[in-house]
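Please read these notes with the model open beside you.

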Amino acid sequence: AATAPRIPPTRLALHHFDVNYSLQLKDLWPSVRAGLLCEQKYGALLNNFSPVDHVAQELELLNASDFVSEAPKKAQRSQRTAAAEEAGRGESRSQELSGEGRTAMQAETMTQAEMSAPLCASVTSNIKCYTFPRGDITRFRPARPDALGLLDYYLMDAASLLPVLALNVQPGDLVLDLCAAPGGKTLALLQTGVCGHLAANDVSISRTKRLHQVLHSYVPKEIREIVSVTSCDGRDWGQLEGGTFHKVLVDVPCTTDRHSVMEEDNNIFHKRRTKERQMLPMLQLQLLMAGILATKLGGEVVYSTCSLSPLQNEYVIE
C-alpha cells in the first residue's frame, strides 16, 4: 500500500505559524515571517571576567555597537519625540484655551515622559552585548581565549538578554535560573557581577553538561564557587527550596519558533513529538508556579519564551 509522503517538521511548523500567527499579528505577520526565515544574527556578549576593552574597540571598529547601553538613549529620544508630538496635538486642540491652560497641558505631557525615565535607567548593568546594525549581516569572529584561557565573548541571540535585563538583579540577590541550559542567560546573570548566589538548574543532564562547559570556558574558579548547577525537574523546585530566592528566571521550554522553521533536528513539530508540543502550556504553567513558590516574599519572577504563541505566553500568565 502506498504511504503518504513525509512532510518535514519545518514545513509543518511554518504552516502552523501561518495559520495562527497571521490571525494574531495580522499585517505584521509577513515581515515577522521573513525574519523567522532569515539567517540568525548573533550578538556578542562581552565576558567581563576577561580583559574586554580591546575587544570592545575591535567590535566598534567593525561598526558594531552595545545595544544594552544604546537602548536607554533611544528610549529617551523616542519619549521626547512622543512628548513633543503630544504637546503639539494639545496645542492644536486647545486654541481657545488661555495660555495658562496650554502651559499646564504641556507640563502634564512632559511630566509623563519624565516619569518614564526611571524605566530607562533601570536597564543599566555591567552587561555589554554588541550587535551589527540592521541589514548588516557581518559575522562575528570565533571567541578567543585570554592569557588565563577564558573566552572573550559569547555569541547568542541578543534578544535572549532581555529577560536577564528585566530581572534587574541587585547586589547580593539570591538568583535562580530554573531552566538554565545551555547557559547563555546564566552567563549573562554572572556578568552583572552582583549575584550573591546563582542556582542554575536544567532537567536535561546532557544540556547541563553544556552549561558546565560554558561556565568553565568563561568564568574564573572563584566566581564559579557562587554558582550551583543541578539537574532537577524544575516543577519540583518550589518544594525543594521554597521561598528562597530574590529573583527567579523561568525561561521555559517552548516551540522555539525560529528553530522550528529552520532546523530538522530535534524539531518539536516532528510527528512523534506532537503530544509533547500540545502539553507545552501545561509544562510551562507548572514551571512558572514552581518559580513563584521558590521566590521570597517581595521577590521577582521573570517568565520568558522563544515563541510568539499567546498560548505559551499571555495565557500561561493569566
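1. Start with an aromatic pair. Tyr-21 and Trp-29 are both buried. The model is predicted, and a search of the whole of it finds six aromatic pairs. One of them is formed by Tyr-21 and Trp-29, with an edge-to-face arrangement, 5.6 Å from centre to centre and 70 degrees between the planes. Ring pairs also connect Tyr-21 and Trp-29 with Phe-17 and Phe-269 in a cluster.

2. Next, the chain as a whole. The secondary structure amounts to 14 helices and nine strands. Of the 318 residues in the chain, 38% are buried. Among contacts with a separation of 6 or more, 75% are between residues 24 or more positions apart.

3. One sheet is antiparallel. Strands of a sheet pair through backbone hydrogen bonds, and the pairing may be parallel or antiparallel. Here four strands make an open sheet in the order S2-S3-S1-S4, with antiparallel pairing. Its edge strands, each pairing on one side only, are S2 (65–66) and S4 (153–156). Strand S1 (residues 43–46) is joined to S4 by four bridges, and the two run antiparallel. Leu-46 has Tyr-153 in S4 as its bridge partner. Helix H3 (residues 53–61) lies across S1, S4 and strand S3 (129–131), at about 160 degrees to S1.

4. The other sheet to look at is parallel. Five strands form an open sheet in the order S7-S6-S5-S8-S9, and the pairing is parallel. S7 and S9 are the edge strands, as each pairs on one side only. From one strand to the next, the twist averages 15 degrees. Helix H8 (residues 205–218) lies across S7 and strand S6 (197–201), and runs at about 160 degrees to S7.

5. Which residues are the bridge partners of S8? S8 (residues 245–251) is mostly covered, with six of its seven residues buried. It runs parallel to S5, to which three bridges join it. Val-175 is paired with Lys-247 of S8. Strand S9 (residues 295–304) also pairs with S8 in the parallel sense, over six bridges. There, Phe-245 has Thr-295 as its bridge partner, and Val-248 stands opposite Val-301.

6. A record marks some of these positions. An unreviewed UniProt entry has a "binding site" annotation that covers Cys-179, Ala-180, Ala-181, Pro-182, Gly-183, Gly-184, Lys-185, Asp-202, Asp-233 and Asp-251.

7. Is Gly-183 buried or exposed? Gly-183 has 1% relative accessibility and therefore counts as buried, the cut-off being under 20%. Its place is the loop between strand S5 (174–177) and helix H7 (184–191). Leaving out residues up to four places away in sequence, Gly-183 touches Tyr-154, Leu-211 and Val-214.

8. Asp-233 lies in the loop between strand S7 (227–230) and helix H10 (237–240). Its relative accessible area is 25%, so Asp-233 is partly exposed. The side chain of Asp-233 makes a polar contact of 2.8 Å with the side chain of Arg-235.

9. Most residues other than glycine have a negative phi, and most peptide bonds are trans. The bond between Ala-181 and Pro-182 is a cis peptide bond, with omega about 10 degrees.

10. Lys-26 is not a glycine, yet has a positive phi of about 55 degrees. Lys-26 is in the loop between helix H1 (9–25) and helix H2 (29–37), and its relative accessibility of 58% means that Lys-26 counts as exposed. Thr-256, also not a glycine, has a positive phi of about 45 degrees. Thr-256 sits in the loop between S8 and helix H11 (257–262). With a relative accessibility of 31%, Thr-256 counts as partly exposed.

How values were computed:
Residues numbered from 1 in each chain as written. Predicted model: local features only at pLDDT ≥ 70, side-chain atom pairs only at ≥ 80, totals over all residues. Heavy atoms only, no water. UniProt positions renumbered as here; feature names shortened; annotations may be inferred. Buried < 20%, exposed > 50% of the residue type's maximum accessible area, 1.4 Å probe, protein only. Contact = heavy atoms within 4.5 Å. Polar contact = N/O pair within 3.5 Å; in protein donor to acceptor, adjacent residues only side chain to side chain. Pairing = 2+ DSSP bridges. Axes fitted to C-alpha atoms, helices over the stretch in contact; angles between N-to-C directions. Phe/Tyr/Trp six-rings, centres within 6.5 Å; stacked < 30°, edge-to-face > 60°.
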